[in-house]
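Please look over the sequence and the structure before reading on.

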Amino acid sequence: MPNPVALQKMKKLAIIGCGLRSDCYLSEMHAFLGKEWVLAALADPNPVAIEVYQKNFGSPSVEVFPDGPSLLEAMKGKLDGVIIGSPNVEHLASLLPALEQGLTILLEKPVATSMEDCVEMWRSYRAAGEPPLAVGFVLRYTPFYKKIKERT
């Protein structure tokens, strides 16, 4: 059983969208960040995806939500970072509260599905004081593309 004091010092991460792209990020993060981060919450409407993530990256005690906005509302003040890997059309609804909370954000591409959403994201990012935000290009790191890169 981990030391409760050590757990309190760990950075808490949430995943919104428990698909293959977020899986790729988590796999890489475990390799590079080790035990500095702990998976605190998951959001996905698919219970099978949640179960797979609990088994592979967390535990059955990880908090579970049907979508990003409800996760961010319930976990407000309890998170340090979030990976937003939900369907592209849903990014804005999760990004805005994550920005307001000043979380470190990894946002999967494309960041938005319309110019209006992009403009709103940019304005919200600036208004939030430009918290740490990265846009992911996870497919570059999948085995298929790694193999192509090796051969070229």
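Two residues are in contact when heavy atoms of theirs lie within 4.5 Å. The structure described here is a predicted model.

## Surroundings of V82 and the nonpolar cores

Leaving aside neighbours within four places in sequence, V82 is in contact with L13, A14, I16, A98, L103, T104, I105 and L106. V82 also belongs to the largest nonpolar core, which has 23 residues; L71, L79, V82 and I105 have the most contacts inside this core. At least two residues of this core come from each of β1, β2, α4 (68-74), β4 (81-84), α5 (91-100), β5 (104-108) and α6. The greatest contribution is that of α5, with five residues.

## Strands around β2

Strand β2 covers residues 37-43, and six of its seven residues are buried. With strand β1 (residues 11-16), β2 pairs in the parallel sense over six bridges. One of the residues concerned is W37 in β2, the bridge partner of K11.

Strand β3 (residues 63-65) also pairs with β2 in the parallel sense, here over three bridges. In this pairing, V64 of β3 is the bridge partner of L42. Together, β2, α3 and β3 make a right-handed β-α-β unit.

## Aromatic pairs

How many aromatic pairs does the count come to? With ring centres required to lie within 6.5 Å, the count comes to two. In one of them, Y53 and F57 have their ring centres 5.4 Å apart and their planes at 55°, a tilted arrangement. These two residues are separated by about one helical turn, because Y53 and F57 are four residues apart in helix α3 (residues 47-57). Y53 has 2% relative accessibility and therefore counts as buried. F57, at 13% relative accessibility, counts as buried too.

Helix α6 (residues 115-127) holds both W122 and Y125, three residues apart, or about one turn of the helix. Is W122 buried or partly exposed? With a relative accessible area of 49%, W122 is partly exposed, whereas Y125 counts as buried at 17% relative accessibility.

Note on methods:
Residues numbered from 1 in each chain as written. Predicted model: local features only at pLDDT ≥ 70, side-chain atom pairs only at ≥ 80, totals over all residues. Heavy atoms only, no water. Phe/Tyr/Trp six-rings, centres within 6.5 Å; stacked < 30°, edge-to-face > 60°. Buried < 20%, exposed > 50% of the residue type's maximum accessible area, 1.4 Å probe, protein only. Pairing = 2+ DSSP bridges. Right-handed = clockwise from strand over helix to strand, strands pointing away. Core = buried A, V, L, I, M, F, W, Y, C linked by side-chain atoms within 4.5 Å.
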